[in-house]
Amino acid sequence: MQQEPILFPGRVPTEVKTMIKSSKSMEKSVFRKMIKLALGYLQGSLTSDECETAVQNICQASKADTEETVLNVCIQYAGILTLLRSALRVNTVTTRQENLSADLSNLGLPEDFASDICKVVFGPARPDIDRQLRSTAPSLPVLTNMNWRVEVTISTSWLSRVLEPVVMLRLELNNGSSYTFQVPVAKFHHLRYAVANLLHQMEDLRTSSICKK
Amino acid sequence: MLQLTKRLQEGIALMNNTDSGKINGLLIRICTALISNRSQVFTEEEEEKLSASLVITQDQTKLLIKTIIHIIQQAAHGMVRPALLKEHLLAAGISQDKTDIFIEQWSTNAKAIVDMLRQQCLSEKQLEDVAWDLHLKSASSTLARQAQPIAHVQLTLGDGTTKSSSTTSEKVLMQFNQDQLYDFYDQLEQIQSHLDSLR
């Protein structure tokens with residue numbers, strides 16, 4: 001039964017083709033190591049030094065010592081990375097595990113390697129993986145920290161008795177910028193109202209679209 | 001209330017010599033400008049016309065306007081009651097009819113002027129406006145077919161005066177997903193409870 005290819009509906013990338021060809025002679029432990037490394041990289045939980053050491057380990061494990069064999073290992077790793085990236089994009093609710101597994105077999109991947117990939121995609125670690133993937137998606141600056149201070153202005157050069165509260169806010173964003181500013185009480189209420197309104201609308205949106213899903 | 005400098009005394013003398021009706025008109029105009037926090041009450045053209053109609057020099061016109069503004073500002077600073085203001089003005093040498101005009105205008109406009117001054121703050125950066133956008137993220141290169149609501153909030157920061165337009169204000173754009181927005185709201189509620197405890 002030929003079905004619509006799930007992972008690569010267009011062209012299959014070269015590194016994936018190369019990887020599949022050499023997967024027939026690859027050891028299972030090496031394949032698993034590469035998957036582990038690719039996952040760590042995609043989630044952003046490994047530094048570049050850790051990645052390099054891991055790749056070197058993989059090269060030693062697959063007994064690659066000449067320049068050509070090391071290059072081959074790197075291309076295979078690239079293939080696994082692309083494959084995993086596409087596999088993780090797949091929606092686990094609408095796609096069934098058997099279909100993904102069949103698609104992988106159609107590409108030419110040996111059966112136990114295909115089941116490894118499916119274990120990652122449909123496995124229990126998926127919510128964590130998803131959370132990490134969402135945080136690396138393109139986004140505008142996100143508020144990381146907010147410090148505040150409530151002050152009461154006692155008197156000024158133009159009015160001797162003021163006794164009016166003022167809020168000072170410092171917002172720090174994840175792009176490194178920081179903004180310190182005053183918020184007069186009237187504007188503070190406006191801000192609170194806007195955020196409450198937004199939350200309300202967000203909740204409405206979430207409950208309405210989930211039904212469609 | 002009034003420090004009688006030489007310059008102020010000159011201004012008062014000038015005012016006493018000017019027609020009461022015209023002083024009333026000036027005072028009304030100045031009070032309106034103070035309420036809307038405009039720094040320049042009259043344009044150059046208007047000052048010229050004023051000079052011509054009062055038959056005084058341009059410098060004298062400026063002095064007259066400054067004197068009136070100064071008196072009102074001092075009254076606002078001390079939040080002086082009209083009865084007390086009357087005493088101060090008479091003691092400073094202002095003629096009876098001009099004093100009556102001042103008292104009348106002050107009684108009408110004092111609250112608005114003081115309220116406006118109360119809101120003034122010295123800071124260069126103030127929250128001027130809050131604008132927002134609600135989006136539904138349906139897919140990305142990392143994860144296909146998701147349904148995540150994302151809010152974009154834009155804060156406009158400026159110095160709060162009417163002069164600050166798009167040239168001097170800064171716009172801060174941030175994004176929030178639902179959890180992040182809840183956190184933000186919790187912190188705002190905390191601040192509000194502190195503000196409430198002050199009352």
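1. In this predicted model, helix H2 (residues 28–43) and helix H3 (residues 48–61) of chain A have axes that come within 10 Å and cross at roughly 170°. Angles over 145 degrees count as roughly antiparallel, and H2(A) and H3(A) are therefore roughly antiparallel to each other.

2. On the H2(A) side of this pairing are Val30(A), Lys33(A), Met34(A), Leu37(A) and Tyr41(A), which meet Cys51(A), Ala54(A), Val55(A), Ile58(A) and Ala61(A) of H3(A). By class, the residues of this contact are 9 nonpolar and 1 charged, with no polar ones.

3. Chain A and chain B touch through 57 residues of chain A and 62 residues of chain B. The area buried between the two chains is about 5800 Å², and carbon and sulfur atoms give 69% of this area. Of the area that chain A buries against chain B, 13% is supplied by Arg89(A), Trp158(A) and Met202(A), more than by any other three residues.

4. The count of salt bridges between chain A and chain B is 1. Arg192(A) forms a salt bridge with Glu189(B), and their closest N and O atoms are 2.9 Å apart. Polar contacts across the interface of chain A and chain B number 13 residue pairs, both residues being at pLDDT 80 or more.

5. Several elements of chain A each supply at least two residues of the side that touches chain B, among them helix H4 (67–89), helix H7 (126–136) and strand S1 (143–153). H8(A) gives the largest share of that side, 18 residues. The side of chain A that touches chain B has 33 nonpolar, 14 polar and 10 charged residues.

Definitions and conventions: Residues numbered from 1 in each chain as written. Chains lettered and ligands numbered in written order. Predicted model: local features only at pLDDT ≥ 70, side-chain atom pairs only at ≥ 80, totals over all residues. Heavy atoms only, no water. Contact = heavy atoms within 4.5 Å. Buried area = accessible area lost by both parts, 1.4 Å probe. Salt bridge = Lys/Arg side-chain N within 4 Å of Asp/Glu carboxyl O. Polar contact = N/O pair within 3.5 Å; in protein donor to acceptor, adjacent residues only side chain to side chain. Helix = DSSP H or I, 4+ residues; strand = E, 2+ residues; numbered from the N terminus. Nonpolar A, V, L, I, M, F, W, Y, C, P; charged D, E, K, R; others polar. Axes fitted to C-alpha atoms, helices over the stretch in contact; angles between N-to-C directions. Parallel < 35°, antiparallel > 145°, perpendicular 65-115°, else oblique.
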